[in-house]
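Here is a short briefing to read alongside the structure. Keep the viewer open, and pick out each residue as you come to it.

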Amino acid sequence: MHTDFIFSFFLIFSGAAILATLALFSRQPLLVAYIALGCILGPFGMKLVTNADLISEIARTGIIFLLFLIGLDLQPKSLIQRSSRTAAAAIISALIFFLMGFLIAKAFGLSVGESIVVGLSGIFSSTIIGIKLLPTTVLHHKRTGELVVSMLLLQDLLAIVVIIFLKSGDPGNAFMHIKGLASFLVTLPLLMVGAFGFVKYAFLPLLEKYDHFQEYIFLMSIGWCLGLAELSHSIGLSTEIGAFIAGISVASSPISIYIANSLKPLRDFFLVLFFFSLGAGFNLSLIPLILIPSVILAMAMLILKPLVFYFLLRTSDEAKNLSWEVGFRLGQNSEFSLLIAYIAANAAFISSTTSHIIQGATILTFIISTYIVTFHYPSPIAASAKLRRD
């Protein structure tokens, strides 16, 4: 078991290094290389890495660290101001994307319940893609970064509600259990109050006392991130929202900048595993069954999302070029789309084929959207040196 685990990591990171080199040489996005590597080496490809479930669980840690780092950069007052400006756009766009996904699914003969799940999967844009391709030192603190981040955060909160909805009962009934919603409305504020209290009276005083030990700051930061993520999961929320709150609770402290810089390499390590697991978990044998609906669903979202965000932002008096850029940066489905497909399939709300339609569409939007952004807008992994920013 130990040997297999080490060998799997050797294949993943050595293979990622080779494909990344080829991708950079041919001016292709690195994320595409990681997904392709998963398809090649995974259980449905060459079968060299078969423990895809373990890799997927490890990769989820990358999402946790990503949301923790996002939270570190958002002071609570700033977050409220940003979210209030984009709340209407986030809600209206969610309704439009849901309707589009629902109608496409119905057109392919899926049931009402399955169509609802497909519609829900199309609501969100990818936090990983959006933040990964956003230059932190150039755009993050400007209007583009503000709009992208605030929209993603509102979508993340909405995703928690959707997950509660799916865990509450058959989506075909179109009703959310009142108990599940009430639990969310109670536990989320309590978690936030507890987190801010702990940071103020325990976390920051300890860091201030031992701030000359860099290793201690590093360990405390990881412990706080993962600890609150696990606590959030245990009270019925999600690890992602817990990690995000952990970051926000520290954001007002000057040490947040140091913590963010310290954890970025760790985040990137896990994100390589995330995109690898995305490719490794895709059943290539189902492609003939899902190809047409996945392509149509993906293309509909890739076209619709930039247009919707553009018009909504223009109605809010945002600049034309800015509105297009934000629209294209948010023009893909989300990792939450994959999570929704996973939860719904495990609960037998949708079939394996429907789950793979969602997965296929999501992966396609990941790949195509990454190409669009890296070839046309500033990003850390832009195809040309002129656009490369970090």
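This is a predicted model: local features need pLDDT of at least 70, side-chain atom pairs count only at pLDDT 80 or more; totals for chains, interfaces and linings use all residues.

**The chain as a whole**

- The protein chain is built with 15 helices and zero strands.
- Of the 390 residues in the protein chain, 55% are buried.
- Take the contacts between residues at least 6 apart in sequence: 77% of them join residues at least 24 apart.

**How two pairs of helices meet**

- Two packed helices are described by the angle between their axes and the distance between the axes.
- Helix H9 (residues 214–234) and helix H11 (residues 255–280) have axes that come within 10 Å and cross at roughly 80°.
- H9 and H11 are therefore roughly perpendicular to each other, since angles of 65 to 115 degrees get that description.
- To see where they touch, select Gln 214, Ile 217, Phe 218, Ser 221 and Ile 222 on the H9 side. Their partners in H11 are Ile 255, Tyr 258, Ile 259, Ser 262, Leu 263 and Leu 266.
- For helix H14 (residues 335–346) and helix H15 (residues 352–376), the axes come within 9 Å and the crossing angle is roughly 170°.
- That makes H14 and H15 roughly antiparallel to each other, because the label applies to angles over 145 degrees.
- H14 brings Glu 335, Ser 337, Leu 338, Ala 341 and Ala 345 to this contact. H15 meets them with Ser 355, Ile 358, Gln 359, Thr 362 and Phe 366.

**The salt bridge**

- Side chains of opposite charge can pair when their charged atoms come close.
- How many salt bridges does the structure hold? There is one, and it joins the side chains of Glu 325 and Arg 329, with 3.0 Å from N to O.
- Both residues sit in helix H13 (residues 320–329), and because they are four residues apart there, about one helical turn separates them.
- Are Glu 325 and Arg 329 buried or exposed? Glu 325 is buried, and Arg 329 is too.

**Loop residues with positive phi**

- Most residues other than glycine have a negative phi.
- Lys 47 has a positive phi, near 60°, and is not a glycine. You will find Lys 47 in the loop that links H2 to helix H3 (52–72), where its relative accessibility of 54% makes it exposed.
- Asp 317 also carries a positive value, with phi near 70°. The loop between H12 and H13 holds Asp 317, and this residue is exposed at 72% relative accessibility.

- Ile 40 is part of helix H2 (residues 30–41). With 40% relative accessibility, Ile 40 is partly exposed.
- Which residues does Ile 40 contact, leaving aside neighbours within four places in sequence? They are Gly 45 and Met 46.
- Between Ile 40 and Gly 279 there are 8.1 Å from C-alpha to C-alpha, although the two are 239 residues apart in sequence.
- Ser 253 lies in the loop between helix H10 (239–251) and H11. This serine is buried, because its relative accessible area is 14% and the limit for buried is under 20%.
- The C-alpha atoms of Ser 253 and Leu 204 are 8.1 Å apart, and 49 residues separate the pair along the chain.
- Asp 211 occupies the loop between helix H8 (178–209) and H9, and at 44% relative accessible area it is partly exposed.
- Asp 211 is 44 residues from Ile 255 in sequence, with 9.3 Å between their C-alpha atoms. Ile 255 is also among the H11 residues that meet H9.

Key:
Residues are numbered from 1 along each chain as its sequence is written. Side-chain values use heavy atoms; hydrogens and water are left out. Axes are lines fitted to C-alpha atoms, for helices over the stretch in contact, and angles run from 0 to 180 degrees between N-to-C directions. Helices (H or I, at least four residues) and strands (E, at least two) are DSSP runs, numbered from the N terminus. Angles under 35 degrees count as roughly parallel, over 145 as roughly antiparallel, 65 to 115 as roughly perpendicular and the rest as oblique. Contact means heavy atoms within 4.5 Å. Buried means under 20% relative accessible area, exposed over 50%, partly exposed in between (1.4 Å probe, protein chains only). A salt bridge is a side-chain nitrogen of Lys or Arg within 4 Å of a carboxyl oxygen of Asp or Glu.
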